[in-house]
Amino acid sequence: MITVNFYEPTYEPSVNFTYSVICARYDQKWIYVRHHKRSTYEIPGGHIEEGETPDEAASRELMEETGALEFNIERVASYSVTIDGQTGWGRLYYAEVSSMGDIPDTSEIAEAILLDTFPEQSTHPGIQPYLFRRVNDFLSER
């Protein structure tokens, strides 16, 4: 069983954050990426590197995975995911991308696509639809 919980954007758990995930829009469409080893799509994001803050990781991952060149990024929430009693922590972001380039050759991402809504073929169907909904709620609350 998978449980996803959301917390205030500034919430700091007693352990380190592991992930930064960025729901991003470009030209009024959502950006999704496909890892070169998968056939499904996911929200851009990834692991926070040693010595990196979740905010720094979010900007880096967005650039590396989508080719985003210019963007405004906002912290939406801290979140936890519990799977079989093991809990991991992440930060969720929203980005409005104004300029895109090519995905870097060094990226593990094969392609980025633009969609009006969440993809039918999702890599993490037990987690990412909740993240997507939380960002939409955040945008509605503004």
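Which strands are included in what covers the buried residues of H1? The legends below walk through this predicted model, starting with that helix.

**View 1. Helix H1 and its cover.** Helix H1 spans residues 54–66, 13 residues in total. From its first C-alpha to its last, H1 reaches 18 Å, close to the 18 Å expected at 1.5 Å a residue. Look for its buried residues: Pro54, Ala57, Ala58, Ser59, Arg60, Glu61, Leu62, Glu65 and Thr66. The cover over them includes strands S2 (19–26), S3 (29–35), S4 (45–47), S5 (68–83), S6 (86–100) and S7 (109–115).

**View 2. Thr40 in its loop.** Here we visit the loop between S3 and S4, where Thr40 lies. Thr40 counts as buried because its relative accessibility is 17%, below the 20% cut-off. Its side chain is joined to that of Thr123 by a polar contact of 2.6 Å. Setting aside neighbours within four places in sequence, Thr40 is in contact with Val33, Arg34, Gln121, Ser122 and Thr123.

View 3. The largest nonpolar core has 21 residues, and Trp30, Tyr32, Ile43, Leu92, Leu131 and Val135 touch the most other members. Two or more residues of this core come from each of S2, S3, S5, S6 and helix H2 (128–141). H2 gives the largest share, 5 residues. A second, separate core of 10 residues includes Ala24, Ala58, Leu62 and Phe71. Ala58 and Leu62 are also among the buried residues of H1. In soluble globular proteins, nonpolar side chains tend to be buried together.

How values were computed. Residues are numbered from 1 along each chain as its sequence is written. This is a predicted model: local features need pLDDT of at least 70, side-chain atom pairs count only at pLDDT 80 or more; totals for chains, interfaces and linings use all residues. Side-chain values use heavy atoms; hydrogens and water are left out. Helices (H or I, at least four residues) and strands (E, at least two) are DSSP runs, numbered from the N terminus. The expected span of a helix is 1.5 Å times one less than its number of residues. Buried means under 20% relative accessible area, exposed over 50%, partly exposed in between (1.4 Å probe, protein chains only). Contact means heavy atoms within 4.5 Å. A polar contact is a pair of N or O atoms within 3.5 Å; within protein, one must be able to donate a hydrogen and the other to accept it, and residues adjacent in sequence count only if both atoms are side-chain atoms. A nonpolar core is a set of buried Ala, Val, Leu, Ile, Met, Phe, Trp, Tyr and Cys residues joined through side-chain atoms within 4.5 Å.
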